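Please prepare a briefing on the predicted model shown below, with its helices, voids and ring contacts grouped by topic.

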Amino acid sequence: MAQTDTNRPQPSLSPRLPVSLGERRRHENLTVFPVLSGLQADLPYVLLTDALVANLVTIAEIGAGTVPSLCAANRGESDVLILDGEQLIGAKQNRITNRTIILEAGSETVIPVSCMEQGRWHDVSERFRARPTPRHAPSRVRRKAREVEAEYAGAPSLAAASVLAHAQGAVWNEISDYGASLGVDSATGAMDEMYDRHADTLNEWIRRFPRADEQVGILAFLGSRPLGIDAVGSQSLYSRLHERLLAGYVMDAMAAPSSARRSEREPHPEETDAARFLASAGRASRGRAPTVGKGTYELLTGEVIGAELADVVDSAERLVHLSAFPGAGGGARDESAGVASLASPSRRRGWARGRGMDG
């Protein structure tokens, strides 16, 4: 895949990570620009899925269970990286991690999560298990946690992980909309079932967007609208995350109305549009918020909403993960660029009561 001309000025994403944009790829209504960096140094983290498979990390309910929190115990000798948007399967109900977290070696950490399976509250396993193919949540689900944090932009020091419990209702609404758009009526409202039902199509789309040389991130558009950007501070680390991050954006595109998916009249983004969005993430206001686990956690607000986690590696502060989504007015659904606006309303069953959260 050809790279952007390095002689031209490049937009800035983060002062911790110099980047450029790669050649766009498009399939139906989804356009992806690789985010590239010549930075070769690795980041010394074990990914959560690998740690779960190796029994280095266990994630379990806290006591009798509380919806917005789980206990993660890292018994290994290496730090473990959890990205926001990772789906956790099992225990009393499936969850999604809603912050990027570094679990320090030999530590126990209470991690913030949201429910991804509204209709179940009983044990199917003692602990959460790893999926053979890890799956990230769609961007419209992930951004709900960032919307809650953005409300604390004036005082980011107050944006503790506990405030993310307020995203739960919006997460359920989004999952319900995705189910209606994708024609999946899960008995328990499980997002994971939507991935299972559309696995073949999902994998076909993923193959349309192979990883590029020097790629460290992904900038995705649905039609002419930006969905979001994810970037990590290492080529080798990103290579293990490419398909799972991409899967979330593909699900956004697959849930759009079929008329918009295949319309040749729908405008597609140019490199200038991608550079503009990437630059907006670079110039976003940054405010330090309380960190879960290791590192420095900052909120991004302004034209975008998002978060950036950094950590000291080999005596230098390095970007670990940045995610950003369109700010106010930039993520609204419509008939041409998002989940169908006529999707059925959320099936609020009142199950949140008595589970350690307000419904």
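**Briefing on burial, voids and ring contacts**

Helix α7 is mostly covered, since 12 of its 13 residues are buried, where buried means under 20% relative accessible area, exposed over 50% and partly exposed in between, with a 1.4 Å probe and protein chains only. Helices (H or I, at least four residues) and strands (E, at least two) are DSSP runs, numbered from the N terminus. This is a predicted model, in which local features need pLDDT of at least 70 and side-chain atom pairs count only at pLDDT 80 or more, while totals for chains, interfaces and linings use all residues. Residues are numbered from 1 along each chain as its sequence is written, and side-chain values use heavy atoms, with hydrogens and water left out.

**Helices**

- Helix α7 covers residues 242–254 and reaches 18 Å from its first C-alpha to its last, close to the 18 Å expected at 1.5 Å a residue, the expected span being 1.5 Å times one less than the number of residues.
- Among the buried residues of α7 are His 242, Arg 244, Tyr 249, Asp 252 and Met 254.
- Helix α2 (residues 139–150) has 12 residues and a reach of 16 Å between its first and last C-alpha, close to the expected 16 Å.
- Because 10 of the 12 residues of α2 are buried, this helix is largely enclosed by the rest of the structure; the buried residues of α2 include Arg 140, Arg 142, Arg 143, Lys 144 and Glu 149.
- Met 191 belongs to helix α4 (residues 191–197) and is buried, with a relative accessible area of 0%.
- The C-alpha atoms of Met 191 and Ala 137 are separated by 8.2 Å, although these residues are 54 residues apart along the chain.

**Cavities and pockets**

- On a 1 Å grid over the protein atoms alone, a cavity is a set of points where a 1.4 Å probe fits but cannot get out, and a pocket is an open set with protein on both sides within 12 Å along at least five of seven lines; lining residues have an atom within 4 Å of a point.
- Grid points are joined across faces, edges and corners, and a volume is the space filled by probe spheres set on the points.
- There are six cavities of 30 Å³ or more, and the largest cavity holds about 90 Å³ of space.
- The lining of the largest cavity includes Leu 48, Glu 86, Gln 87, Arg 129 and Pro 134, and α1 (48–53) and β8 (87–90) are the elements that give two or more residues to this lining, with α1 giving the most, three residues.
- The largest pocket holds about 230 Å³ of space, and among the residues that line this pocket are Thr 133, Asn 203, Arg 240 and Glu 243.
- Both α5 (199–207) and α7 supply at least two residues each to the lining of the largest pocket, and α5 gives the most, with five residues.

**Ring contacts**

- There is one aromatic pair, in which Phe 33 and Phe 221 are arranged edge-to-face, at 5.9 Å centre to centre with 70° between the planes.
- Rings of Phe, Tyr and Trp (its six-membered ring) pair if their centres lie within 6.5 Å, and planes under 30 degrees apart count as stacked, over 60 as edge-to-face and the rest as tilted.
- The pair links distant parts of the chain, with Phe 33 in strand β3 (residues 30–36) and Phe 221 in strand β13 (residues 215–222), 188 residues apart.
- Phe 33 is buried, with a relative accessible area of 2%, and Phe 221 is buried, with a relative accessible area of 2%.
- Lys 92 lies over the face of Trp 121, at 5.7 Å from the ring centre, where a charge sits over a ring if NZ of Lys or CZ of Arg is within 6 Å of the ring centre and within 35 degrees of the ring normal.
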